[in-house]
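Reader: Please show me the model. I would like to go through the ligand site and then the aromatic residues.

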Amino acid sequence: MKKLDITNIKTLLQSPKKIVIVPHKNPDGDAIGATLGLYLYLLKYNHEVRVIAPNDYPEFLKWMPSEDTVLKYDAETEASNTLINQAEIIFTLDFNALNRTGDMESVLAKSEAIKIMIDHHQQPDDYALYTYSDVTMSSTCEMVYHFIDMLNDLNKIDADIATCLYTGIMTDTGSFRFSSTTSTTHKVIADLIDKGAENSQIHNAIYDTNSYNRLQLLGCTLSNLKVLPEYRTAYITLSQQELNKFDYKKGDTEGFVNYALSLANIVFAAIFIEDQKQNIIKISFRSKGDFSVNEFSRAHFSGGGHTNAAGGKSDTDLNETVEKFISILPSYKKALNNE
Ligand code: 5GP
Ligand code: MN
């Protein structure tokens with residue numbers, strides 16, 4: 001795996017290039033913030049740039065600067081393929097393996113463009129010519145800030161770029177409270193505010209645009225919460241029927257798993273969400289301390305992520321998935337009680 005070679009990248013970016021920037025499937029605030037922040041930065045050098053997301057993302061991200069320029073691969077496949085095939089450089093942001101882009105995987109794998117990965121997930125695959133991977137980073141948005149800094153271009157960060165990067169750092173750190181938040185993160189945030197990010201407005205735009213239905217769905221979620229004290233574990237299920245009842249929209253369940261983790265003495269939390277369209281159960285895992293949900297999800301639920309936040313999936317039904325989850329816990333009893 002080749003480390004980031006900033007001198008080479010600087011040379012590479014000196015003349016206008018055709019560039020595509022890709023976040024992971026079901027992009028979150030960090031993925032959209034990082035891709036748009038980098039997009040707006042690269043535009044300043046007259047590159048031909050497009051962000052291509054594998055699929056759509058929640059409404060609460062749809063106010064972000066230049067968000068309306070993002071192509072969605074599943075809806076605009078032909079135009080996206082053309083851009084990918086013509087690209088000289090492809091930046092892949094906020095993911096560690098090409099299969100995290102869903103249906104884009106094969107066209108990305110085949111592309112001969114120079115690939116540059118910027119990402120903070122564990123165990124990055126070796127597909128990029130240049131890999132900027134740092135699992136200690138709060139967010140990919142913080143890494144994009146450091147990347148621009150390495151290119152000696154912090155003065156190119158304007159209010160729109162600052163807004164994008166602020167948003168992703170805020171969403172990936174649970175508003176600056178997760179353990180990945182460092183003093184450097186706060187220094188970056190302070191600089192982004194100085195450069196024009198309106199912190200209070202951004203917070204409002206992301207967190208205070210709830211629909212009535214979403215809050216009712218949260219009520220249902222909380223009443224489904226189950227606790228397994230002997231494993232210091234709490235979990236939640238949401239069936240498709242429950243989602244339908246509250247007119248579920250993409251992004252509505254974002255953050256729900258954190259309520260399970262907020263219980264006193266709980267160090268491991270999971271939410272199991274039925275997706276009848278994809279015929280899977282989508283799972284989010286969260287933990288506190290050293291218990292690695294990345295390892296847990298990789299080992300049992302075809303997923304991965306970070307030590308304290310990971311995703312996964314299951315092909316069996318909701319009940320069977322939960323039964324499997326509960327049956328695995330005894331082998332982690334010691335680890336969970338050591339936290
Ligand atoms: P979430 O639970 O919010 O969907 O995801 C938590 C973290 O794990 C995010 O950083 C996300 O990118 C990552 N993640 C989610 N699903 C998967 C998956 O299926 N595989 C891997 N490797 N990472 C995932
Ligand atoms: Mn991230």
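This is a predicted model: local features need pLDDT of at least 70, side-chain atom pairs count only at pLDDT 80 or more; totals for chains, interfaces and linings use all residues.

Author: Residues are numbered from 1 along each chain as its sequence is written, chains are lettered from A and ligands numbered from 1 in the order in which they are written, and side-chain values use heavy atoms, with hydrogens and water left out.

Reader: How much of the accessible area of ligand 1 does the protein cover?

Author: Accessible areas come from the Shrake-Rupley method with a 1.4 Å probe; for residues, only the protein chains shown count as cover. On its own, ligand 1 has 490 Å² of accessible area, and the protein covers 81%.

Reader: Which elements give two or more residues to the shell around ligand 1?

Author: Helices (H or I, at least four residues) and strands (E, at least two) are DSSP runs, numbered from the N terminus. The elements asked for are strand 10 (280-287), strand 11 (304-305) and strand 12 (309-314).

Reader: What kind of aromatic pair do Tyr 235 and Phe 272 form?

Author: Rings of Phe, Tyr and Trp (its six-membered ring) pair if their centres lie within 6.5 Å; planes under 30 degrees apart count as stacked, over 60 as edge-to-face and the rest as tilted. By this rule there are 18 aromatic pairs. For Tyr 235 and Phe 272 the centres are 6.2 Å apart and the planes stand at 80 degrees, so the pair is edge-to-face.

Reader: How far apart in sequence are the parts that this pair ties together?

Author: Tyr 235 lies in strand 8 (residues 233-238) and Phe 272 in strand 9 (residues 268-275). The pair therefore ties together parts separated in sequence by 37 residues.

Reader: Are Tyr 235 and Phe 272 buried or exposed?

Author: Buried means under 20% relative accessible area, exposed over 50%, and partly exposed in between (1.4 Å probe, protein chains only). By that rule, both Tyr 235 and Phe 272 are buried.
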